[in-house]
Amino acid sequence: MTRHLLRDDDLTPAEQAAVLDLAARMKAERFAHRPLAGPRSVAVLFDKQSLRTRISFDVGIAELGGHPLVVDTQVTHFGRGETLADAGRVLSRYVAAIVLRTHGDDRIAEVAAHATVPVINALTDGFHPCQLLADLLTVRERCGGTRGRTLAYVGDAANNLSHSYLLAGAAAGMHVRVAGPAGFDPDPSVVARAEEIAAGTGGSVRVLRDPVQAVRDADVVATDTWTSMGQEEDGLDRITPFLPYQVNKALLGNAAPDAIVLHCLPAHRGEEITDDVLDGPQSAVFDQAENRLHAQKALLTFLLKDRP
Ligand code: CP
Ligand code: NVA
């Protein structure tokens with residue numbers, strides 16, 4: 001059966017831990033692993049902009065001995081001149097895996113339904129599972145583990161990062177709290193799924209309104225842009241209701257004294273996070289960005305092992 005990573009919960013907690021173990025090993029032994037030698041090719045397709053995902057997949061596939069094909073879909077027929085189903089079928093004849101950043105989760109699901117190679121979500125409107133593998137690797141490094149640690153995500157609790165923190169954080173045995181203004185709560189079905197996962201890992205899930213309550217004594221404080229790609233023209237006020245959720249020194253002062261700060265980047269400095277926090281001693285954001293590379297190398301290795 002072809003395995004995909006469309007949402008964080010496509011990996012069991014044990015599989016997530018195995019990928020993170022491998023990521024740590026690959027980070028320590030940077031150029032020693034070449035499971036894609038041949039080379040096997042991986043298509044990395046973008047319907048939306050990217051810096052980190054684009055470069056880290058390109059570099060990571062090359063470091064694994066593979067051949068990366070990084071393509072902006074606007075120059076192809078992808079999903080416009082031809083169906084996503086046909087694109088999935090055709091790409092599967094050329095490449096060992098398809099990495100896709102797109103809009104609706106229905107789009108990546110359609111590709112995966114017709115692909116015969118693994119499909120990896122490189123960000124959709126709903127989820128960003130590759131980011132979470134990097135974040136959890138960073139938490140392991142900085143906090144000595146994930147199990148039992150408290151992670152507070154504040155800001156747009158309705159977005160892809162919020163959903164991925166809920167699912168992946170619960171799988172990692174963390175106590176996940178998400179808080180955003182009214183109208184920006186997570187999808188209830190994702191919260192329910194995260195609760196189900198947490199029940200098996202010893203983690204927990206809370207959806208809050210008050211950012212101070214969310215951050216209180218947390219080991220990890222995470223945030224993300226208040227305006228995700230594709231939301232620029234949605235007509236919602238994406239500043240005023242979010243101001244109490246800004247990760248600044250005052251809010252961070254409620255967290256554990258040695259708490260780390262995560263932001264997937266790109267940051268809108270002065271909006272969801274202040275310069276002094278992003279550039280300050282508690283920030284782990286550049287380790288987090290680097291860890292995209294190691295986590296994705298491990299993920300590709302995991303999904304492609306035992307495949308022709
Ligand atoms: N964090 C992240 O996915 O960054 P990019 O949009 O630059 O890929
Ligand atoms: N929530 C953001 C994440 C960017 C990496 C977006 O979807 O634009």
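Visitor: Why is the crossing of helix α6 and helix α7 called left-handed?

Guide: The crossing of α6 and α7 is of the left-handed kind. Before we go on, this is a predicted model, in which local features need pLDDT of at least 70 and side-chain atom pairs count only at pLDDT 80 or more, while totals for chains, interfaces and linings use all residues. Residues are numbered from 1 along each chain as its sequence is written, and chains are lettered from A and ligands numbered from 1 in the order in which they are written.

Visitor: What makes α6 and α7 roughly parallel to each other?

Guide: The axes of α6 (residues 160-171) and α7 (residues 188-201) cross at roughly 15° and come within 7 Å. Helices here are DSSP runs of H or I with at least four residues, strands are runs of E with at least two, and both are numbered from the N terminus. Axes are lines fitted to C-alpha atoms, for helices over the stretch in contact, with angles from 0 to 180 degrees between N-to-C directions. Angles under 35 degrees count as roughly parallel, over 145 as roughly antiparallel, 65 to 115 as roughly perpendicular and the rest as oblique. The two helices are therefore roughly parallel.

Visitor: Which residues of α6 and α7 meet?

Guide: H163, L166, L167, A170 and A171 of α6 meet V190, V191, R193, A194, I197, A198 and T201 of α7. Residues are in contact if their C-beta atoms, placed from the backbone, lie within 7 Å. By class, this contact has 9 nonpolar, 2 polar and 1 charged residues. Nonpolar means Ala, Val, Leu, Ile, Met, Phe, Trp, Tyr, Cys and Pro; charged means Asp, Glu, Lys and Arg; the others, Gly among them, are polar.

Visitor: How do you know where one domain ends and another begins?

Guide: The bounds come from an automatic or database domain assignment. The assignment gives domain 1 (8-128 + 292-306) and domain 2 (131-288). Their centres, taken over C-alpha atoms, are 24 Å apart. Each side of the contact is counted: 22 residues from domain 1 and 22 residues from domain 2.

Visitor: What makes the backbone at L123 and P266 worth a look?

Guide: Most residues other than glycine have a negative phi, and most peptide bonds are trans. L123 has a positive phi, near 115°, while the bond from L265 to P266 is cis, with omega near 5°. L123 lies in the loop between β4 (119-121) and α5 (129-143), and P266 lies in the loop between β9 (260-263) and α10 (275-278).

Note on methods:
A crossing is left-handed if the near helix is turned anticlockwise from the far one by less than a right angle, and right-handed if clockwise. Two residues are in contact if their C-beta atoms, placed from the backbone, lie within 7 Å.
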